[in-house]
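Visitor: I would like to learn how to read a model of this kind, feature by feature. Could you take me through one, giving the general idea before the case at hand?

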Amino acid sequence: MTEDIPQMDDPLDIPCLKHGAMEGLKPFIAAPIHQEALGFPGELVPDWKERALEKMAEMAETNRAFQIYLDTCVKCGACTDKCHYFLGTGDPKNMPVARQDLLRSVYRRYFTFAGKYFPWLVGARDLTEDVLHEWYSYYHQCSECRRCSVFCPYGIDTAEITMAARDILAHVGIGQKYSNEIIGKVHAIGNNLGLPAKALGATLEDLEEDIEDETGVSVRIPVDEHGADILLVTPSADFFAEPHIDGLLGYAKVFHEAGVSWTVSSYASEAANFGLFIGNQDQMREVSLRIKKAAQDLGVKRIIFGECGHAWRVAYGFMNTLAGPFDFLDQNYPIPQHILEFTWDEIQKGTFTFDKSKNDHIRLTYHDSCNVARASRMGDEPGGQFEIPRNVIKAVCNNYFDMERDTTHESTLCCGGGGGLLTDDLMDLRVKGASPRMTALQQVTEDHGVTHMAAICAICKTQFSKVMPKYGYDMDSILSVHQLVSNAIILTGQEIDDAEDTND
Amino acid sequence: MLGTIYALLFYVATALLVVGLAMKIRKYARTPAPLRIPVTPSPTTRTGVILRMFREVLFFESLFKSNKWIWAFGWVFHMSMWLVLARHLRYFTYDVWGWVAFIQPFGTYAGFAMVAGLAGLWARRFLVERIRYISNPSDHLMLALIIAIGGSGLTMRFVAHTDIIAVKAFMLGLLRFRIGDLPADPFLLIHLGLVATLMIIFPISKLLHAPGLFFAPSRVQADNARDVRHVGRWDNEGEQHD
């Protein structure tokens, strides 16, 4: 594996083109059972070509972004060096414009004058089964992170084209196993893991005990508590994976100290919404409606989302459109609210006592997660999604250093595992796609001795804990932001037992 | 004869340009935007969006952040082109407006800057491996076409002068649906023929980036999803929004 890791001097080093470098790489195709559970045909339908073109025509008529983005590209090349998968693999089809062109070439052939009559002139091509499989491969080498869109003079967002292509593929019978299987579990059970209510309750009880063992204070993590004020919707990874769990402990301590009543729901025990990844609004809406139903059934006044990137995009940007209006919630609070907005508000009110030295063994940097950075916001001001997490980190951590500015904020690099690619069958791509981010991290390690990186996305955390060891870091070098909060917070009534750290 | 051919050519080209563009713009405006998808840095208000678009159109802000070479060539080309186009108003107006008269020298020399910018963009299509890869024949031809328009125009201005008074009389006639004579000057005929070609292909080519820019949801939507409910395909309240 090591020989496959790209060597980069700078995170944004542009590779020479390596034609066909990632050709044929594809995630497992969804089995009929996982396709049919979402209402898609089980396997490639005989009239796939007609259906694919019909779907494409429908998209052009019902989605302005799709139509505009296919029409307006002038092939200026501004985006060609902006994708982390291109930087990490050198495969020219991983350049954003080239990835769009895989679909644009077909759109032109069937839906534009120039492509119908002069296909050779404008790079138009027929839709064949080979093209479908090329789509399947390269549209699953895009994490829908939108970095290219920031740099495009027309704002063309490859994520929209990727989503459209995946939706077309699913509609003719070629869906992605990883995403579709997971969406099926959410419909059937309520979360990506397929963790049933009982197991969830038991897990959370164990975590309550862990907190009490650690602090001597009884902190609750309530499930399905009717009449609670706040419904916490968080990625199910927060219930079982590291470092996600430590973030969940942080939310619990924060809610406890703030003295609010809250609960998680076993019915909507998932913030993630993979309907976004497969580009299907109906699926995305169904998952969103579960959250609305849970909020109504439990009678909560507020909905707060835990640390999850794409979930926050859907919640912040789409939930109101898909499942709203949310007029039954307390309108004095943002709907929905991000856990970091909540924590930062309380920090400003002076609710918490922190011992920042508890994080002194950590020299930290922060990875802006793509969907939070480029597709949503926190707070009232533009850019709040960058300031608020950093403010919280600096309130609980003494040693903080930003990575190179070209790789943070709106220019942040994807972790390499977003957009439905966090599956072992794409590990090669994930490792290579992470290399720009890892190179930026290595720079701050060299310059400032940075040891850890924090993130606010379940996918980022899982991806980094897998790939960081390949770049010379321990797998627990990736942290949840609320894990740092959890480390530093001194709960009311907590015994300050460990005097051993105080005099070094 | 020549006058009639070119007159017809221009009437047809103008009709195709206007009708074609109008149809495209109508389509763009009527196609729904099911979700709110502004991309950072996104303003939270309508005024903010207008300012953002102003910076994009006038300064090519995103392109500047992206790639300084493409920005330099592209910006010089486009801004020079506006000057050149404005200068050409003198051939369609009588009396010539004061500001058009004033910009004549600037517009004239902008012609060189325009061709230089285009040449830079074209050179990149050959020299930069990534851009060579994404270029189709039409991308090369589009640059060739506009360079030829600029080149033939500059030739008439600086090398082989045409009877510009006769040309202006012809154009003023066209505007009043009177078809006059056109000088049989090869550079003039090439210049006008290529301009008509450009007008005709405008609505069916990547030149649609000009109107398209103003409809790109990632740029023209305000980031206010939590404050204003964006109604997409579902209103969830039993009313119909169309």
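Visitor: Let me begin with a strand: which residues point one way from strand S3 (residues 302-305) of chain A, and which the other way?

Guide: A word on the source before I answer. This is a predicted model, in which local features need pLDDT of at least 70 and side-chain atom pairs count only at pLDDT 80 or more, while totals for chains, interfaces and linings use all residues. Residues are numbered from 1 along each chain as its sequence is written, and chains are lettered from A and ligands numbered from 1 in the order in which they are written.

Guide: In a regular strand the side chains alternate between the two faces of the sheet. Here A:Arg302 and A:Ile304 point one way from S3(A), whereas A:Ile303 and A:Phe305 point the other way, and all are buried; a residue is buried if 20 or more other C-beta atoms, placed from the backbone, lie within 10 Å of its own, exposed if 12 or fewer, and partly exposed in between. Strands (E, at least two residues) and helices (H or I, at least four) are DSSP runs, numbered from the N terminus.

Visitor: Which strands are joined to S3(A) by bridges, and how do they run?

Guide: Two strands pair if DSSP finds at least two bridges between them. Strand S1 (residues 230-233) of chain A is joined to S3(A) by 4 bridges and runs parallel to it, with A:Leu232 standing opposite A:Ile304. Strand S4 (residues 337-338) of chain A is joined to S3(A) by 2 bridges, again in parallel, and there A:Gln337 is the bridge partner of A:Ile304.

Visitor: What kind of unit do S3(A), H15(A) and S4(A) make?

Guide: They make a right-handed β-α-β unit, where right-handed means that, with the strands pointing away from the viewer, the path from the first strand over the helix to the second runs clockwise.

Visitor: Which residues have the most contacts inside the largest nonpolar core?

Guide: In soluble globular proteins, nonpolar side chains tend to be buried together. A nonpolar core is a set of buried Ala, Val, Leu, Ile, Met, Phe, Trp, Tyr and Cys residues joined through C-beta atoms within 7 Å. The largest one has 181 residues, and A:Phe305, A:Ile393, A:Ala454 and A:Leu484 have the most contacts inside it. Domain 1 (2-175) and domain 2 (184-401 + 450-488) of chain A both give residues to this core, so it lies between them; the domain bounds come from an automatic or database domain assignment.

Guide: Two residues are in contact if their C-beta atoms, placed from the backbone, lie within 7 Å. Not counting residues up to four places away in sequence, A:Phe305 touches residues including A:Val233, A:Trp312 and A:His338.

Visitor: How many residues of domain 1 of chain A are in contact with domain 2 of chain A?

Guide: There are 14 residues of domain 1 in contact with 10 residues of domain 2. Helix H10 (158-172) of chain A gives the most to that side of domain 1, with 5 residues.

Visitor: And between the chains, how many residues of chain A are in contact with chain B?

Guide: The count is 59 residues of chain A, in contact with 56 residues of chain B. Helix H15 (residues 309-323) of chain A gives the most to the side of chain A that touches chain B, with 7 residues.

Visitor: How many helices and strands has chain B?

Guide: Chain B has 12 helices and 0 strands, and of its 242 residues 30% count as buried.
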